[in-house]
Amino acid sequence: MSNLSIEQKMNVSLSINGREVEAEAEPRKLLSDFIREDLGLTGTHVGCEHGVCGSCTVLYNGAAVRSCLMFAVQANGSDIQTIEGLAKNGEQHVLQQSFTECHGLQCGFCTPGILMSSLEMLNSGEEPTKQEIKEMLSGHLCRCTGYTGIIAAIERACGIKKCKEGDN
Amino acid sequence: MKPATFTYCSPSTIEEAVKLLEEYGDTGKIIAGGQSFIPILNMRMSEPECLIDINQINELNGVRVEEGVLKIGALTKQRELEQSDAIKIHVPILSEATPYIGHVQTRNRGTVGGSVAHADPSAELPLCFLALDAEIVIQSIDGTRKISINDFFITYLTTEVMPEEILTEIHVPLSEHTGYAFEEFSRRHGDFALAAVACILSVDEIGKVDKVRLVLGGVDAIPLLAEEAMEYLAGKSITEETIERAVELAVKDADPDEDLHASKEYRVHMAKVLTRKALIKAYNRALGKEV
């Protein structure tokens, strides 16, 4: 059990994109701000800061969550994945390729969050229906493209992943 | 949009948590999933002195069946409820209702107990548990008490859980072969419901209504148990006529607020539409028909 007095900082150690990090955070520091300001990973965007827009979505122990609705101290000991962990060795992730291919983004502000939710879906190993993709996307606001390209991109990525697994 | 400062405690047992609650009284607040509470903190509508994070209390997790009662730990994630086979088999109304709670990204973190204790009158789980005639288990430093959900909700965001208490479990009595239905309407998927209805219904051997529980959401300060409609329907056949009468009785006490999303009249209208749909669906399911 840990008790902390007001404004006293707490040690937060977690794994971010496979890298172990340790930093200090005030209890009230949101995970989204911690990721951006303390870990310097600004790919996680902050939109509404009250859980509506979905742009700050990250994977917390594999599950897509809004990082503005968690405190950094709550993520102590967890495994966090952000958009920075998607591309490997300079090569885009299949989701990123698909979003490029299918015009799944325009200004790009909402895209990191959408990619992280899509990654959870992709990791589940089940090929989602269009309706399931739409329901997942209901947790994200995109104000530029409309969602048609985004849905197509996710369908493509899930299809490709399935093909690849089939080949093995 | 940043919370005010607070002291953070992360107890690992219920005993530690209730001790902290006793210590901090009104100035301490429990945080579970935080999917409603952290927005409130971020907007500084609440500035508690101490946050008691119960996420490390493993004994509050999980779903189990014991002696004909389904016991849901307060910390069980809404997403887990949605995907649980035990829930699908024993209490399918919960599997039907959970996809309406926010979005998958909030259900991954939001908890069952949190939703019930938060007591938003348009929230899905309070409606379902009231329809299911559940019991709420509450613990404090003085011990454990059980309270019927019929007496649980007081008004907006206010329940029988006292400042020094913690909601630990929800108990749902299991019964076989019952009809059920959950219906909701909101402007966009995942938004707060403009109106919602939960219904549990069973029939006797000649197809007349045996028992029925009907709950309306979003039309009053608390989930509204439509007692007059329930009494009226008991022992009756389900016909167009009895349904219409039940629908009128169900919304008799509905007194929804008006806001920019919908007028009072529209909410009552939607409550009627959804009540009708829910009754028919629950009745057909009770008869074993596909819906």
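Mentor: A salt bridge here is a side-chain nitrogen of Lys or Arg within 4 Å of a carboxyl oxygen of Asp or Glu. This is a predicted model, in which local features need pLDDT of at least 70, side-chain atom pairs count only at pLDDT 80 or more, and totals for chains, interfaces and linings use all residues. Residues are numbered from 1 along each chain as its sequence is written, chains are lettered from A and ligands numbered from 1 in the order in which they are written, and side-chain values use heavy atoms, with hydrogens and water left out.

Trainee: How many salt bridges are found across the interface of chain B and chain A?

Mentor: The rule finds two. The side chains of B:Lys2 and A:Glu49 meet in a salt bridge, at 2.4 Å from N to O.

Trainee: And how many residues are in contact there?

Mentor: 34 residues of chain B touch 35 residues of chain A, where contact means heavy atoms within 4.5 Å.

Trainee: What area do the two chains bury between them?

Mentor: About 2800 Å², with 57% of it on carbon and sulfur atoms; buried area is the accessible area (1.4 Å probe) that two parts lose on being put together, summed over both.

Trainee: Which three residues of chain B supply more of its buried area than any other three?

Mentor: B:Tyr8, B:Gln105 and B:Arg109, which supply 25% of the area that chain B buries against chain A.
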